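Biologist: I would like to learn how to read a protein model step by step. Could we begin with how its parts touch one another?

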Amino acid sequence: PARAALLTNDVLALLFDLCGYDVAVFGVYDRFCALFGEEDFEALEFLDDLDTFWKKGPGHSVNWHMAVHLLQDFVGTAFGVANDTSQRTASLRFAHAETIAPLLAILDMFVDDPPLMHNMSAKERSQRKWRSSFVTSFASNVAGILYNCTGDWKLRVLVNERPFILPGCNRSLDCPLTTVYAAYADRLQLDYDAECAVHTECPM
């Protein structure tokens, strides 16, 4: 009983993280990971998904509002190349999960409706789109490939090297730039300074 009392939620979360590091760095499955069964993994993964969904992802609008500059750069760079106002062959940015998650959220990708909640049924949990083990995994990445084969510039988006259909692109992996702009027109107009300003004067 005394030892069991030391197994708090925080300790469990730490052991779960250590299991992930063991697998990712050393390819070891029989050390920290051996402490958990299949149901444990499912429960802890869902707990992690809840955390990232609400703190970094689409759960709260402020999470993705702060990614508006990334969206503007993403779309603006594509249009710059298409309109011959940019000579870029590649635009690279490097960041952490705290940047990847808001970017995917503002792109309206992996958004669950209804949103993830702690009391979801087993079926709802199994069908959720937002999975931190994929969305914010080690070395997670988002790529936009721009090309013009028929006189019409199109964009293909890959998440972790896998192609995904952007919302509003009529179920097509290759989305015309004009369609991309129309799909995100409202979000492209978000005012970062208004949404994310720090108010130094607080009422007493």
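Modeller: Contact here means heavy atoms within 4.5 Å, and in this protein residues 24 or more positions apart account for 56% of the contacts with a separation of 6 or more. Please keep in mind that this is a predicted model, in which local features need pLDDT of at least 70 and side-chain atom pairs count only at pLDDT 80 or more, while totals for chains, interfaces and linings use all residues. Residues are numbered from 1 along each chain as its sequence is written, and side-chain values use heavy atoms, with hydrogens and water left out.

Biologist: What pattern does the protein follow along the sequence?

Modeller: Helices (H or I, at least four residues) and strands (E, at least two) are DSSP runs, numbered from the N terminus. The protein has ten helices and four strands, and their order is α-α-α-α-α-α-α-α-β-β-β-β-α-α.

Biologist: Which residues have a positive phi although they are not glycine?

Modeller: Most residues other than glycine have a negative phi, and most peptide bonds are trans. In this model D84 has a phi near 60°, and N160 has a phi near 55°. D84 lies in the loop between α5 and α6, whereas N160 lies in the loop between β2 (154-159) and β3 (162-164).

Biologist: Is D84 buried or exposed, and is N160 buried or exposed?

Modeller: Buried means under 20% relative accessible area, exposed means over 50%, and partly exposed is in between, using a 1.4 Å probe and protein chains only. D84 counts as exposed because its relative accessible area is 64%, while N160 counts as buried because its value is 12%. Buried residues make up 31% of the 204 residues in the protein.

Biologist: Where is the cis peptide bond?

Modeller: The bond from D113 to P114 is cis, with omega near 5°, and P114 is found in the loop between α6 and α7 (122-126).

Biologist: What does S86 contact, leaving aside its neighbours within four places in sequence?

Modeller: With those neighbours set aside, S86 is in contact with G80 and V81. S86 lies in the loop between α5 (68-82) and α6 (97-106), and its side chain reaches the backbone nitrogen of R88 at 3.3 Å. From S86 to G76 the C-alpha to C-alpha distance is 9.8 Å, and the two are ten residues apart in sequence.

How values were computed: Polar contact = N/O pair within 3.5 Å; in protein donor to acceptor, adjacent residues only side chain to side chain.
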